[in-house]
Amino acid sequence: MEDVLEDVRRDILPGLTHWQSPSFFAYFPMNASAAGFAGEMLSAGLNVVPFVWAASPAAAELEGIVVDWMGGLLGLPRRFLFSGGGGGVLQGSTCEAVVCTLAAARDRALRSLGHEAIARLVVYASDQTHATFQKGARLVGIPPANFRVIATSAASGYGLAADAVRAAADRDVARGLVPLYLCATVGTTGLGAVDPVRELGEVARRHGMWLHVDAAYAGSAAVCPEFQGYLAGAELADSVSMNPHKWFLTNMDCCCLWVASPAALTAALSTDPEYLKNVDDNGAATPAAIDYKDWQISMSHRFRAIKLWVVLRRYGAVGLRGHIRRHIAAAKWFEEAVAADERFEVAAPRRFSLVCFRLRPRFDGDGTVDDVNRELLAAVNESGRAFMTHFVVDGKFVIRLAVGGAATEMRHVRDVWELLQHKAEDVLQRYQS
């Protein structure tokens, strides 16, 4: 084993991107913590597989408890909790949650329309919605031509306008198509934009669509009461998902999916072979048990619940709120610093801990502004002192700074701003010469 670990140190570590670095500001955070690590060790060490209740009763029941705890912390409507008639499951990723909810929506619709109607089903999302929804729609058999990508604009803060969805759905109905599924995102990947959940929920209700709320990144912020308003209207949704492994101090992998109707989900995903049935001491089946094999794509099921349980027990609501607020305060400071420097501009409103910005055009019609910003981003990343990524909005190349690392403090955000200023000076000087 010493030889193996030496090979890791020599051959593998030098080629890794250090996601847990306090100066990692790329993509979205992928938190790790001592508690999350301990929980992951327990999960891996115990190595139980609670795919049916009888396979590991405590693991299956802990999962139901933990997802109800999480739903309560985020202020979700009671209808998504087991205690309120709904329920939740811990999956590996948002992509899995999307495929499961799309399958549930599809089967719910086809029970009345007939299976031949699958070619008439339509899915709606914005141009800021994560691409995983298009992948998921293809996987469940929705024709690519029936995926509606609806444009957003700066006027709505790049949120999905309900009127635009309503108009698109009405056009589809007039053509004999069937609106099936609508995604509302709270904290989009590119810009951190927020869709109006309540307004979209009303459109979904009007057309009988399944409404999914994707809060993969920003859902963690809802642990703070002041950010729960972004989920207002979730009572109109059929499902909600968020990823504790992004910003909630929980090591990979862990995605919470809540559904208002567990029966709708399990009807699409359930299998019931004799060898997987729960049987009590008297030989009778136990139908009240939760079999998580019927809540997901795969048959096997990891003991993720113990990992999230350890995190919740170790940090508590107060500690987790402090973690989120610290990052949002740092991002606010960075946004203000960018706005105060006349060379830079903020590209989109900041709502959480993501700031999108760029160097301004130096004059009207400056055709080099995107190249300048590409060079700036490359210079920062090549320095090895920080790592960021980019996005393109309204045809503009912008730089994303996502604050959220477990070890990231205000000093690291100040340091990256100083680095950006220094590199910007070098880049601009080259273009002026």
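Which residues lie nearest the centre of the largest pocket? In this predicted model, local features need pLDDT of at least 70 and side-chain atom pairs count only at pLDDT 80 or more, while totals for chains, interfaces and linings use all residues. Residues are numbered from 1 along each chain as its sequence is written, and side-chain values use heavy atoms, with hydrogens and water left out.

The lining of the largest pocket consists of 26 residues, and Phe28, His130, Thr189, Ala216 and Lys246 are those nearest its centre. A pocket is here an open set of points, on a 1 Å grid over the protein atoms alone, with protein on both sides within 12 Å along at least five of seven lines; a cavity is a set of points where a 1.4 Å probe fits but cannot get out, and lining residues have an atom within 4 Å of a point. The volume of the largest pocket is about 370 Å³, where a volume is the space filled by probe spheres set on the points and grid points are joined across faces, edges and corners. Two or more residues of the lining are given by each of α4 (94–113), α8 (244–247) and β10 (389–393); helices (H or I, at least four residues) and strands (E, at least two) are DSSP runs numbered from the N terminus. The largest share, 3 residues, comes from β10. By residue class, the lining of the largest pocket holds 9 nonpolar, 14 polar and 3 charged residues. In this division Ala, Val, Leu, Ile, Met, Phe, Trp, Tyr, Cys and Pro count as nonpolar, Asp, Glu, Lys and Arg as charged, and the others, Gly among them, as polar.

Phe28, one of the residues nearest the pocket centre, is placed in the loop between α1 (2–12) and α2 (34–46). Phe28 has a relative accessible area of 6% and is therefore buried (buried means under 20%, exposed over 50%, partly exposed in between, with a 1.4 Å probe and protein chains only). Tyr27 is found in the loop between α1 and α2 and is partly exposed, at 41% relative accessibility. Tyr27 is not a glycine, yet has a positive phi of about 50°.

The search of the whole structure finds 1 cavity of 30 Å³ or more, and the largest cavity has a volume of about 40 Å³. Its lining is made up of Trp19, Phe24, Phe25, Ala26, Pro29, Met30, Asn31, Ala402 and Gly405. These divide into 7 nonpolar residues, 2 polar and no charged.

In soluble globular proteins, nonpolar side chains tend to be buried together. The largest nonpolar core has 71 residues, of which Met70, Leu182, Val186, Trp258, Leu308 and Phe352 touch the most other members. Such a core is a set of buried Ala, Val, Leu, Ile, Met, Phe, Trp, Tyr and Cys residues joined through side-chain atoms within 4.5 Å. Not counting residues up to four places away in sequence, Trp258 touches Val67, Met70, Gly71, Leu74, Leu76, Phe80, Gly87, Gly88, Asp238, Ser239, Val240 and Met242.

Ser241 is part of strand β6 (residues 239–242) and is buried, with a relative accessible area of 0%. Beyond four places in sequence, the contacts of Ser241 include Thr94, Ala97, His212, Asp214, Cys255 and Cys256.

The count of disulfides (pairs of cysteine sulfur atoms within 2.5 Å) is 0. The sulfur of Cys255 lies 6.8 Å from that of Cys256, its closest cysteine sulfur, and this is too far for a bond. Cys255 is buried, with a relative accessible area of 0%. For Cys95, the closest cysteine sulfur is in Cys100 at 9.6 Å, again too far for a bond; Cys95 is partly exposed, at 23% relative accessibility.

Most residues other than glycine have a negative phi, and most peptide bonds are trans. Asp394, in the loop between β10 and β11 (396–402), has a positive phi near 50°. The peptide bond from Met252 to Asp253 is cis, with omega near -10°, and Asp253 lies in the loop between α8 and β7 (255–259).

Technical notes:
Contact means heavy atoms within 4.5 Å.
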